[in-house]
Amino acid sequence: MDKMNQALEKMKMLVGMEVEEEEERQAASLEANGSFSFMDDFNRSCTLSTKQSMLVFFNPVKFGITFTFGNLLSLGSTAFLIGPKRQVTMMLDPVRIYATAIYLASIIIALFCALYVHNKLLTLLAIILEFGALIWYSLSYIPFARSMVSKVMVSCFDTDF
């Protein structure tokens, strides 16, 4: 358990999050006493997600790098599960070729903005573009999902009364 905590501490330092030794000591004493409850776990996860969301706005370059590498790892993991040849043929399927091209282009744009340009606003916009492309790419694997989402969005934002 100690090794996992140390690895988590190193990851927090790598991403740029503050390492809070006091909370860790408190968590270790609670676990040692056996009074570790659901609410303690829920509180820690909410605090972590709040810190992660603050990382998006205060340091979008680091978040952009980690988010983009996470997306690349997810593509690699699906290629590992179904095989790289089948992954590429599914990505180049005529139904999802445009979604794949936009998704891969958004990954390249996000990495370019985060690593080369170092502009927080451009990186934040690239992250938003990448997230939207990820959703659209993921919807291409669900039958009729993109057409349904398109119809819902048109009906929600239609200005004709």
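**Helix packing and a nonpolar surface patch**

In the predicted model, helix α4 (residues 60–82) and helix α6 (residues 97–117) approach each other with their axes within 9 Å, crossing at roughly 150°. The crossing of α4 and α6 is left-handed. On the α4 side, the contact is made by Val61, Ile65, Thr68, Phe69, Asn71, Leu72, Ser74 and Leu75. The residues contributed by α6 are Tyr103, Leu104, Ile107, Ala110, Leu111, Ala114 and Leu115. Classified by residue type, this contact of α4 with α6 comprises twelve nonpolar and three polar residues, and no charged residues.

Helix α4 also packs against helix α5 (residues 84–91), at an angle of about 120° and with the axes 6 Å apart. Here, Leu75, Thr78, Ala79 and Ile82 of α4 meet Pro84, Arg86, Gln87, Met90 and Met91 of α5. By class, six nonpolar residues, two polar residues and one charged residue make up the contact of α4 with α5. Leu75 of α4 takes part in the contact with α6 and also in the contact with α5.

Attention then turns to the surface. A nonpolar patch is formed there by Phe112, Tyr116, Val117, Leu121, Leu122, Leu125 and Ile128, which together have about 730 Å² of accessible area. At least two residues of the nonpolar patch are supplied by each of α6 and α7 (120–139). Helix α7 provides the largest share of the patch, namely four residues. Phe112, one of the patch residues, is located in helix α6.

Note on methods:
Residues numbered from 1 in each chain as written. Predicted model: local features only at pLDDT ≥ 70, side-chain atom pairs only at ≥ 80, totals over all residues. Heavy atoms only, no water. Axes fitted to C-alpha atoms, helices over the stretch in contact; angles between N-to-C directions. Left-handed = near helix turned anticlockwise from the far one by under 90°. Contact = heavy atoms within 4.5 Å. Nonpolar A, V, L, I, M, F, W, Y, C, P; charged D, E, K, R; others polar. Patch = residues over 30% accessible without salt bridge, like charges linked within 9 Å, V, L, I, M, F, W, Y side chains within 5 Å. Areas by Shrake-Rupley, 256 points an atom, 1.4 Å probe, with all protein chains shown as cover. Salt bridge = Lys/Arg side-chain N within 4 Å of Asp/Glu carboxyl O.
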